[in-house]
Amino acid sequence: MDYSVRPLTATDEPILWEMLYQALTATEIDPPPREIVQRPEYARYAEKWGCEGDSGFVAHDATQEELLGAVWFRPPAANATPELAFAVKSGHRKRGIGAALLTHWVKANPDQSEISLRVGPNSPAVRLYERFGFKVVKQSPDSVTMRREF
C-alpha cells in the first residue's frame with residue numbers, strides 16, 4: 001500500500017478525534033460508543049489541537065483520501081511524564097505505517113528521551129517503541145513509561 005506521512009497542522013483536530021477513537025478501540029471486541037472520546041481523560045489528547053508545543057504526524061493513503069494513522073504529542077503539565085498518542089486504523093496495522101509515523105516523530109523530536117504510553121505492558125506498541133531504542137522503566141496494568149538513552 002502506498003501512503004504518505006505529513007506533519008499535523010492546527011486544522012487537523014478532527015483527525016485526532018478519529019484517531020483517538022481508533023486508539024481506544026484497538027483491542028475491543030465490542031467497541032464503546034464514539035462519545036467516549038469526549039470524556040476528560042481522553043478529550044485532552046485532541047481538544048483545542050494546535051496550541052504551542054503540539055506536534056505530530058498523520059498518514060494517509062497515497063491519494064490523500066483515507067486516513068490511516070497518526071502519532072501526536074502535547075507538552076505535559078509541570079513535572080509530568082510526556083505522553084505520546086499513537087494509532088493506526090484497524091485493517092492497516094502491521095504494514096509499516098506505525099513504524100513510519102514513529103520514525104517521523106523521533107526524527108522531529110530527537111531530544112525527547114522519556115514518554116508514557118497508555119497501553120498495557122503486552123501491547124504491540126511497546127515492542128514497536130523498543131525497536132526505536134525505548135526501554136520500559138515503569139509499568140502498571142494500563143500504562144507503560146519508556147525511556148530512550150542517548
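1. Helix 3 buries Ile-97, Gly-98, Ala-99, Ala-100, Leu-101, Leu-102, Trp-105 and Val-106. The model is predicted, and the points below should be read with that in mind.

2. The length of helix 3 is consistent with its residue count. Helix 3 covers residues 97–108, and its 12 residues should span 16 Å at 1.5 Å a residue. The C-alpha atoms at its ends are 17 Å apart, which agrees.

3. How do helix 3 and helix 4 cross? Their axes come within 11 Å, at an angle of roughly 50°, with helix 4 formed by residues 124–131. Helix 3 is therefore oblique to helix 4. The crossing of the two helices is right-handed.

4. On the helix 3 side, the contact is made by Gly-98, Ala-99 and Leu-102; on the helix 4 side, by Leu-128, Tyr-129 and Arg-131. By class, this contact has 4 nonpolar, 1 polar and 1 charged residues. Gly-98, Ala-99 and Leu-102 are also among the buried residues of helix 3.

5. Lys-48 has a positive phi of about 55° although it is not a glycine. Lys-48 sits in the loop between helix 2 (40–43) and strand 2 (55–61). Is this residue buried or exposed? Its relative accessibility is 60%, so Lys-48 counts as exposed, the cut-off being over 50%.

6. Lys-94 is another non-glycine residue with positive phi, here near 65°. Its place is the loop between strand 4 (84–88) and helix 3. With a relative accessible area of 85%, Lys-94 is exposed.

Conventions:
Residues are numbered from 1 along each chain as its sequence is written. This is a predicted model: local features need pLDDT of at least 70, side-chain atom pairs count only at pLDDT 80 or more; totals for chains, interfaces and linings use all residues. Side-chain values use heavy atoms; hydrogens and water are left out. Helices (H or I, at least four residues) and strands (E, at least two) are DSSP runs, numbered from the N terminus. The expected span of a helix is 1.5 Å times one less than its number of residues. Buried means under 20% relative accessible area, exposed over 50%, partly exposed in between (1.4 Å probe, protein chains only). Axes are lines fitted to C-alpha atoms, for helices over the stretch in contact, and angles run from 0 to 180 degrees between N-to-C directions. Angles under 35 degrees count as roughly parallel, over 145 as roughly antiparallel, 65 to 115 as roughly perpendicular and the rest as oblique. A crossing is left-handed if the near helix is turned anticlockwise from the far one by less than a right angle, and right-handed if clockwise. Contact means heavy atoms within 4.5 Å. Ala, Val, Leu, Ile, Met, Phe, Trp, Tyr, Cys and Pro count as nonpolar, Asp, Glu, Lys and Arg as charged, and the others, Gly among them, as polar.
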